[in-house]
Amino acid sequence: MGLSYKAAVLHAAQTPMAIETVTLAELKPADVLVKIRAAGLCHTDLEVIEGSLRYPMPIVLGHEAAGIAEQVGPAARGVKVGDHVVLSWNPHCGHCFYCDRDAPILCEQYLGEGPKAVAFDGESRARLADGRPLRQLMFLGAFGEYCVVSDQQAIPVPKEIPFDRACLIGCGVMTGAGTALNLGAIAHGDTVMVIGCGAVGLAAVQGARLAGAGVIIAVDIDPAKLTLAAKMGATLGIDASKDDPADAGRRATGGRGVDVVIEAAGSAAAFRVSPEAVRPGGHLIWLGKIDVNKDVAFRWGSLMQEKRIRRVSYGNARPRRDFPLLARAFLDGELMLDDLISRRITLGEINEGFSALKRGETIRSVIIFD
Ligand SMILES: [Zn+2]
Ligand SMILES: [Zn+2]
């Protein structure tokens with residue numbers, strides 16, 4: 001018998017997760033057993049719960065987590081027992097067509113194995129009490145007391161950063177701040193608009209500040225989120241329920257339109273308005289998601305002049321480079337993570353935590369494990 005631990009198991013979409021005792025399978029040579037200390041509730045998990053993002057079940061969700069490397073396989077590299085780690089959801093093979101082209105987020109093994117929701121080698125690392133294999137979302141499954149990952153997913157960070165703040169780096173902060181900092185789209189003094197001020201958008205606002213943007217326009221329909229955006233570096237807040245973001249962008253730029261628009265709202269309305277706000281020749285970056293089977297409509301005139309449009313899903317993450325840098329930025333006071341955490345909850349409160357996320361009440365609820 002392997003190690004047993006508690007995890008939140010989703011048996012079917014649109015049903016509550018159940019806290020169950022599950023059993024760990026044997027560790028493989030390049031595996032790392034991580035004792036999870038904090039895990040954030042992200043919209044991607046919610047998409048699986050709601051059924052708009054489909055995965056095999058039963059599954060343990062959770063892909064934004066931090067913990068302690070408790071066991072490290074003999075072939076695992078870059079991490080040692082006792083390290084504090086932030087988990088990455090983008091393992092990659094290192095030798096396929098896309099890895100050779102410096103695009104690990106498109107790695108053929110990553111994209112091929114991802115829909116199976118097991119470990120990177122195609123096998124599950126945990127079982128239910130009745131022996132059925134458990135799926136792990138995004139090669140992780142971090143809504144449990146333990147999680148087995150490949151060595152390239154366990155990224156050591158400085159021990160000074162508290163786990164509840166550190167976990168945010170693994171998804172939302174990497175996605176938002178990384179997009180602003182890693183793509184080279186934002187030039188010093190640029191006008192940047194961030195549409196949607198959830199965790200990803202607020203991290204994008206901060207990334208834009210760190211990248212030297214001159215004017216940062218935050219757009220949301222929730223005044224509380226605009227207040228947070230202002231605290232994190234936005235110089236102008238637009239309530240999209242009262243004001244058209246594209247008009248606001250033109251007013252702020254002498255009629256030209258903004259240099260860089262980062263869409264982080266994940267709604268058809270946000271996608272549609274996003275090119276309207278970009279100046280000719282400017283950058284448009286989409287981070288949000290909607291149901292993959294749904295259509296999005298655009299006014300052709302908003303796309304006709306040359307614009308650079310890019311879809312980005314993990315902020316061009318190179319986790320071994322970026323996670324320690326982001327942790328250091330937090331420790332140096334440059335990256336504000338405290339206010340991204342709306343609630344600290346227990347594993348048993350996970351279903352209510354996702355209900356609150358769906359109602360738009362929280363930026364991030366973070367599960368704290370003792
Ligand atoms: Zn996420
Ligand atoms: Zn690859």
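Biologist: Which residue in S16 is the bridge partner of Ile-285?

Modeller: In this predicted model, the bridge partner of Ile-285 in S16 is Arg-310.

Biologist: What makes S15 and S16 a pair of strands?

Modeller: Two strands pair if DSSP finds at least two bridges between them; S15 and strand S16 (residues 308-311) are joined over 4 bridges in the parallel sense, and therefore they count as paired.

Biologist: How do you know that strand S14 and strand S15 pair, and in which sense?

Modeller: Strand S14 (residues 258-263) and strand S15 (residues 278-286) share 5 bridges, and the sense is parallel. Within this pairing, Val-261 has Leu-284 of S15 as its bridge partner. Helix H8 (residues 268-277) belongs with S14 and S15 to a β-α-β unit, which is right-handed.

Biologist: What makes the zinc ion (ligand 1) a site with protein donors, and which residues are they?

Modeller: The cut-off for a donor N, O or S atom is within 2.8 Å of the metal, and Cys-42 (SG), His-63 (NE2) and Cys-171 (SG) lie 2.0 to 2.2 Å from the zinc ion, so these atoms qualify as its protein donors. Along the sequence, the spacing of the donor residues is C-x20-H-x107-C. Cys-42 sits in the loop between strand S3 (31-40) and helix H1 (43-50), while His-63 sits in the loop between strand S4 (59-60) and strand S5 (65-72), so this pair ties together parts that are 21 residues apart in sequence.

Biologist: Why are Cys-42 and His-63 called buried?

Modeller: Buried means under 20% relative accessible area; Cys-42 has 6% and His-63 has 0%, so both values fall under that cut-off.

Biologist: What makes S1 and S7 edge strands of their sheet?

Modeller: The sheet is open and antiparallel, with 3 strands in the order S1-S2-S7. Strand S1 (4-9) and strand S7 (126-127) each have a single partner strand, so one side of each is left without a neighbour in the sheet.

Biologist: How do you know that S2 and S7 pair?

Modeller: Strand S2 (residues 18-24) and S7 are joined over 2 bridges in the antiparallel sense, and because pairing needs at least two bridges, this pairing meets the cut-off. Opposite Thr-23 stands Arg-127 in S7.

Definitions and conventions. Residues numbered from 1 in each chain as written. Chains lettered and ligands numbered in written order. Predicted model: local features only at pLDDT ≥ 70, side-chain atom pairs only at ≥ 80, totals over all residues. Heavy atoms only, no water. Donors = N, O, S within 2.8 Å, 3.2 Å for Na, K, Ca; no water. Buried < 20%, exposed > 50% of the residue type's maximum accessible area, 1.4 Å probe, protein only. Right-handed = clockwise from strand over helix to strand, strands pointing away.
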